[in-house]
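Visitor: I am new to this one. Could you show it to me and take my questions?

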Amino acid sequence: MDEELDVTMDSDDDDALLGAIGGISESGSESASSSQNSQPVHEPSGAPSVYLSVLRSKFGHSDFRPMQWRIIRSVLCDKRDNFAVMATGYGKSLCYQFPSVYTGQLTLVVSPLISLMEDQVSALEVMNIEAVFLGTAQKDREALSKVYQGEYRLVYMSPEYITNNQDVLIHLAPQLTLIAIDEAHCVSQWGHDFRPAFRELSCIRKVVPDIPILALTATATHRVRQDIVKILGLKDPNYSLSGFDRPNLSLEIHPRTDTNPWSDIRKHLESVQGASVIIYCITRRHTEEVVNDLKRNKVDCEAYHAGLSTKRRSEVHQAFVRDRIKVIVATIAFGMGIDKPDVRMIIHYGCSQNIESYYQEIGRAGRDGQPAKCILLYNRRDFHTHTILWESCFTTKVCFLMPNCQVSKLKTRADCCDNCKRQLSGYKDEDQYVELDEEGRFDFTQDFTTFLKVIRVFDGYSSVSKTVLFLRGSKSQKLQPRFYSNPLYGSGKNKVEQWWKLVADLMIREDYLKTVSVSRDKPSITCTKMTNKGESLLEQVKTILLHPLQDMMKFFTRKIDPKQEKLSVSVAPLFNFGAIPGKSSQTPQTSQATGMNSNLTVCAPKAKFDVLMKDLLLERSKIASDVDCMPYVIASTKALEQMCRLMPQTLERNWI
C-alpha cells in the first residue's frame with residue numbers, strides 16, 4: 001500500500017545473511033538464478049490455419065502458446081467464462097485482444113490504471129488495431145459515439161467508469177464478444193492489491209449475462225480465485241494456470257545499510273549501466289530520499305508515487321517507457337502501471353509486503369525473455385515498517401469494506417508457515433534447549449536490567465544501535481569517547497549484536513521500553529525510552545522469565561538426541577548462557593577425521609555444513625560489529641563456505 005506515512009526507524013545495521021542460512025547450499029550460491037537465459041521452447045498450439053493467419057497478419061506471431069489458444073478457443077467456440085493465472089510475460093493480453101480482432105466485434109477491457117491503458121492502446125494503434133480508452137482522462141469527446149458506431153475492436157475502461165456507466169454496457173451488448181478483467185486479483189479482498197471499486201464489477205454479469213468474461217492475473221491463491229469467481233459471477237469457468245517460473249530472472253538478496261542508499265545501490269546500477277531499472281521503496285519518504293541521493297551522484301532518475309499529481313505521474317511514466325530516463329524510483333503505485341519489455345533490473349530497496357506482491361513487482365523485469373536481475377536489499381526494520389502501514393490500513397474506512405475481515409480471528413494453520421506447523425506438531429522448546437526451564441522460558445533478568453541501565457547512561461533516550469554499541473564496547477564514531485570510562489561500557493561484549501537487538505525487541509513488546517520520535521532536528525529520529533515498568537524493574541529487581549523470540553533460538557545450546565549422538569556435531573551457541581539450574585547439560589560430541597592429515601578434516605556433510613556456516617556467520621557479525629564495518633569486509637561468504645568444506649585446523653591450512 002502506498003500510504004503517506006513518515007515511518008522513522010532506528011538506524012541500527014542488520015546482521016548479514018543469518019536468516020538465509022537455510023538457503024545456502026554446499027555448492028555455495030547466495031542467489032536463486034537459472035542458467036537458462038532464453039525463452040522456453042513451446043509446443044505447437046494446434047490452432048487451425050484460419051486463426052494463425054490472423055495472428056500472423058495482425059500480431060506478428062507465427063503461433064499461439066498452448067494456454068493462449070485454449071483460452072481463445074474457449075471464448076470463441078464455447079462462449080465460456082475463463083479464469084487465467086499466467087506468469088508475467090507469458091502473453092495475457094493476446095488472450096483478450098485476439099477474439100475481437102478475429103471476429104470484427106468488440107472486447108471491453110477493465111484495467112486498473114490509466115497509464116497501463118494508454119500504453120496498450122498506443123501499442124495496438126501501432127499494429128493498426130483500433131483501440132480506445134474511456135474515462136475522465138479521455139480528451140476526445142466523440143470517443144464514446146465512435147465506440148457505439150463500431151469503429152473500435154478494443155475499448156479499455158477503469159472499474160469506476162464501467163460501474164458508473166452501466167448504460168454503456170447495455171448499448172454495446174450487441175457488439176460484444178468478450179469482457180476481460182485485467183489484474184483480476186484487485187477484485188478480491190484477500191488479494192495483495194485489493195481495490196474496492198473492482199468488487200462493484202459484479203454488475204457486469206447482471207447487465208450482460210450472456211457475454212463471456214475472462215479474468216486474468218499473474219498471482220492469485222486458491223482463496224483469491226474463489227473470491228474472484230464469486231464476485232464476478234463466473235459460470236463454470238475454464239481455469240488456466242501457467243507455471244510461475246521465470247527462467248530468465250536472476251534473484252539476489254543483500255543486506256542494506258540504510259545510511260547511504262547510493263553505497264547500497266551503486267554496484268547494482270553499474271552492472272547494468274545504460275539499461276532500464278526500477279527501484280521500489282516502501283514509503284514515499286524513502287522514495288524521495290533515494291532519488292535525491294542518486295541525483296547527487298549524477299544518476300538521471302525520477303520519483304513515482306501516489307503523492308504526485310496525476311499529470312506528474314503520467315509525465316514520469318511516459319519518460320520511462322520511452323527511454324528518456326532509465327531509472328525510476330517508485331512505490332508500489334508503479335507496480336501494475338508499467339508494460340515495458342526491456343527492464344533489465346528490479347531493485348527492492350526494502351522488502352515487499354508479501355510474497356505475492358514481490359512476485360508481481362519483479363514481474364516487470366525481463367518481459368522480453370532476455371536475462372534480467374532482481375535485487376532485494378533488505379533490513380529487518382522493513383517488517384516493522386509494513387506492520388505500521390498494515391495497522392494504519394485498518395484505522396481507515398477501507399476496513400469497513402471488508403465484511404469477512406479475519407484480523408481479530410487469526411488461527412494457527414498447518415499450511416501457513418514453519419511456526420504454525422511447529423505449534424501443531426506439539427514440538428516444545430524446553431525439550432530441545434538446555435537453557436530453557438520446564439515451561440520453555442529463559443531468564444532475561446540480567447540482560448533486561450543491563451540494557452535499562454545503559455539507557456539511563458544516555459539520559460533516558462537512546463537508539464537501539466547506540467545502546468548495543470555501548471554494551472559491546474565498540475569504538476565506533478557513533479559513540480563518544482567519554483563513554484569509554486563508564487563501568488557498564490563493554491558489559492555485553494560476550495554476546496553478539498543481533499542478540500541485543502532481539503532483547504530490545506522483546507523489551508518493547510513486554511513494555512519495558514517504548515519507541516518515541518525525537519524532533520530536535522529534522523528529520524525526526526526514533527529512539528527507545530524506558531517505561532514506568534522499566535523504571536520499576538531497576539528500582540526493585542525481580543526475576544524475568546519469558547518465552548524467547550523465535551529468532552533467539554539459534555543462540556541456545558541444543559540438546560542431543562541420544563539416538564543420533566554418533567552422527568552429531570557441536571551445536572554449542574556462540575556464547576554460553578550457562579544451563580538452567582536443575583537441568584542437565586550434555587557436552588556435544590565432535591567427530592574426528594580418520595586416515596587424513598590432522599590439519600585438514602573431511603568435507604562436511606550438509607547438516608554439519610549448515611551448523612558450521614551459521615557459527616561462522618555469527619562470528620563474522622561479531623567481529624564486524626567490534627570494528628564497525630560491514631561483515632563482508634571481514635570475510636566473503638564464499639570464503640566461509642570454503643572453510644566449512646575444508647574445515648582447516650590451523651591458519652596455515654586455511655590458505656589451501
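Here is a short tour in questions and answers.

Guide: This is a predicted model: local features need pLDDT of at least 70, side-chain atom pairs count only at pLDDT 80 or more, and totals for chains, interfaces and linings use all residues. Residues are numbered from 1 along each chain as its sequence is written, and side-chain values use heavy atoms, with hydrogens and water left out.

Visitor: What is the order of the strands in the open sheet of seven strands?

Guide: Helices (H or I, at least four residues) and strands (E, at least two) are DSSP runs, numbered from the N terminus. Two strands pair if DSSP finds at least two bridges between them. The pairing in this sheet is parallel, and the order is β4-β5-β3-β6-β7-β2-β8.

Visitor: Which are the edge strands?

Guide: An edge strand here pairs on one side only. The two are β4 (131-134) and β8 (238-241).

Visitor: What does the twist average from one strand to the next?

Guide: Axes are lines fitted to C-alpha atoms, for helices over the stretch in contact, and angles run from 0 to 180 degrees between N-to-C directions. From one strand to the next, the twist averages 20°.

Visitor: Which residue is the bridge partner of Ala-180 in β7?

Guide: Strands β6 (residues 176-181) and β7 (residues 213-217) pair in the parallel sense over three bridges. Ala-180 has its bridge partner in β7: Leu-214.

Visitor: What angle does the direction of helix α3 make with that of β6?

Guide: Contact means heavy atoms within 4.5 Å. Helix α3 (residues 92-103) packs on the sheet and touches β3 (106-110), β5 (154-157), β6 and β7. Its direction and that of β6 make an angle of about 165°.

Visitor: Which strands does helix α10 lie across?

Guide: Helix α10 covers residues 222-232 and runs at about 150° to β2 (82-85). The strands it lies across are β2, β6, β7 and β8.

Visitor: How many salt bridges does a search of the whole structure find?

Guide: Side chains of opposite charge can pair when their charged atoms come close. A salt bridge is a side-chain nitrogen of Lys or Arg within 4 Å of a carboxyl oxygen of Asp or Glu. The search finds 16.

Visitor: How many residues apart are Asp-236 and Arg-80?

Guide: Their side chains meet in a salt bridge, 3.7 Å from N to O. The pair links distant parts of the chain: Asp-236 sits in the loop between α10 and β8, Arg-80 in the loop between α2 (66-78) and β2.

Visitor: Is Asp-293 buried or exposed?

Guide: Arg-296 forms a salt bridge with Asp-293, with the closest N and O atoms 3.3 Å apart. Both lie in helix α12 (residues 284-296). Buried means under 20% relative accessible area, exposed over 50%, partly exposed in between (1.4 Å probe, protein chains only). Arg-296 counts as exposed at 58%, whereas Asp-293, at 8%, is buried.

Visitor: What covers the buried residues of α12?

Guide: Among those buried residues are His-286, Val-290 and Leu-294. The cover includes α11, β10 (276-281), β11 (301-304), β12 (327-330) and β13 (343-349).
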